[in-house]
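Hello,

Here is the structure I promised to pass on to you. Have a look at it first, and then read on for what turned up.

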Amino acid sequence: MYKPQGVFLRNPDLVPAYLRPGMWGWILHRVTGLLIVFYLLLHIWVIGRAALSPQAFDQIMVTLGTPFWRVLEVGLLACVLYHGANGIRIILFDLGYGIRTHRSWWYATVAVVVLVFIIGAVQMLMPLFA
Amino acid sequence: MRTWAWILQRLSGAVLVLALGLHWFVQHHVDPGAEITFAGVTVKLKWALYLVADILLLAFAVFHGLNGLRTVVLDFKISRSAATVLTVVLVVVGVGAIVYGIPPLLAFLRG
């Protein structure tokens, strides 16, 4: 029988080996949320600096179109898609919809996110191979 | 306060799904493949509705992001005084980010 230790004593639901879909949904929501808020502040700062002059802005946009930044942006797409779709799922639960079938909704959310992500990622990465 | 933090997080989240979807679509798919340029953004922002939408997006995104960050940190069961400090710091960062973020949008209009 497994005995929770350390941080898992406070929340046994977080023991990796015992994670269920709902917990994965919750953890992913938090991790993607933290990544997005970090990006958001960076985004506001970069656009704020770039908008100082048209030349600076266009130069930075060219830099952001290079493979390194483009791939990072694809990662951003994944985070935003998941966070948004799972956010809708959370709001529906809060309104009382779908709680009993939450596991099916989790799989549906992941399926939609993966599908839209593949379409978006292909569109974003295509110019790199043109 | 907790209830408000929760309700406003849901409301701003719902708004963001729409506003951010529009933002991403306009920036990347209206004219696919085209580079984002200063002149191009100026054209978009000169449309008043888009400027208003962008400023609202900025405010909602900053609120939703920092309020979410607050929720995550509070879940670590920090002390009451630490929570107050956290709230004050996040309000300052949030107001700062919004105040910092609006003038650049207006800068596009001056060209």
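Chain B and chain A bury about 2,500 Å² between them, and 74% of that area lies on carbon and sulfur atoms. Please keep in mind that this is a predicted model. Three residues of chain B stand out here: B:Trp24, B:Phe38 and B:Tyr100 supply 24% of the area that chain B buries against chain A, more than any other three residues. Counted by contacts, 32 residues of chain B touch 32 residues of chain A.

Next, the polar side of the interface. Four residue pairs are in polar contact across the interface of chain B and chain A, with both residues at pLDDT 80 or more. On chain B, the elements that give two or more residues to the side touching chain A are α1 (2–28), α2 (38–45), α3 (48–74) and α4 (80–110). Of the elements of chain B, α3(B) gives the most to this side, with nine residues. Sorted by kind, the residues of chain B's side divide into 20 nonpolar, nine polar and three charged.

What about salt bridges? The count over all chains comes to three, and two salt bridges are found across the interface of chain B and chain A. In one of these, A:Arg30 pairs with B:Asp75, and their closest N and O atoms are 2.7 Å apart. If you want to find this pair in the viewer, B:Asp75 sits in the loop between α3 and α4 of chain B, while A:Arg30 belongs to helix α2 (residues 21–50) of chain A.

A:Ile88, A:Leu92, A:Leu95, A:Tyr97, B:Val17 and B:Leu18 make a nonpolar surface patch of about 600 Å². At least two residues of this nonpolar patch come from α4 (67–94) of chain A, and at least two from α1 of chain B. A:Leu95, for its part, is in the loop between α4 and α5 (102–129) of chain A.

Enjoy exploring, and write back with any questions.

Best wishes

Terms used. Residues are numbered from 1 along each chain as its sequence is written. Chains are lettered from A and ligands numbered from 1 in the order in which they are written. This is a predicted model: local features need pLDDT of at least 70, side-chain atom pairs count only at pLDDT 80 or more; totals for chains, interfaces and linings use all residues. Side-chain values use heavy atoms; hydrogens and water are left out. Contact means heavy atoms within 4.5 Å. Buried area is the accessible area (1.4 Å probe) that two parts lose on being put together, summed over both. A salt bridge is a side-chain nitrogen of Lys or Arg within 4 Å of a carboxyl oxygen of Asp or Glu. A polar contact is a pair of N or O atoms within 3.5 Å; within protein, one must be able to donate a hydrogen and the other to accept it, and residues adjacent in sequence count only if both atoms are side-chain atoms. Helices (H or I, at least four residues) and strands (E, at least two) are DSSP runs, numbered from the N terminus. Ala, Val, Leu, Ile, Met, Phe, Trp, Tyr, Cys and Pro count as nonpolar, Asp, Glu, Lys and Arg as charged, and the others, Gly among them, as polar. Patches are made of residues with over 30% relative accessible area and no salt bridge: like charges are joined within 9 Å, nonpolar side chains (Val, Leu, Ile, Met, Phe, Trp, Tyr) within 5 Å. Accessible areas come from the Shrake-Rupley method with a 1.4 Å probe; for residues, only the protein chains shown count as cover.
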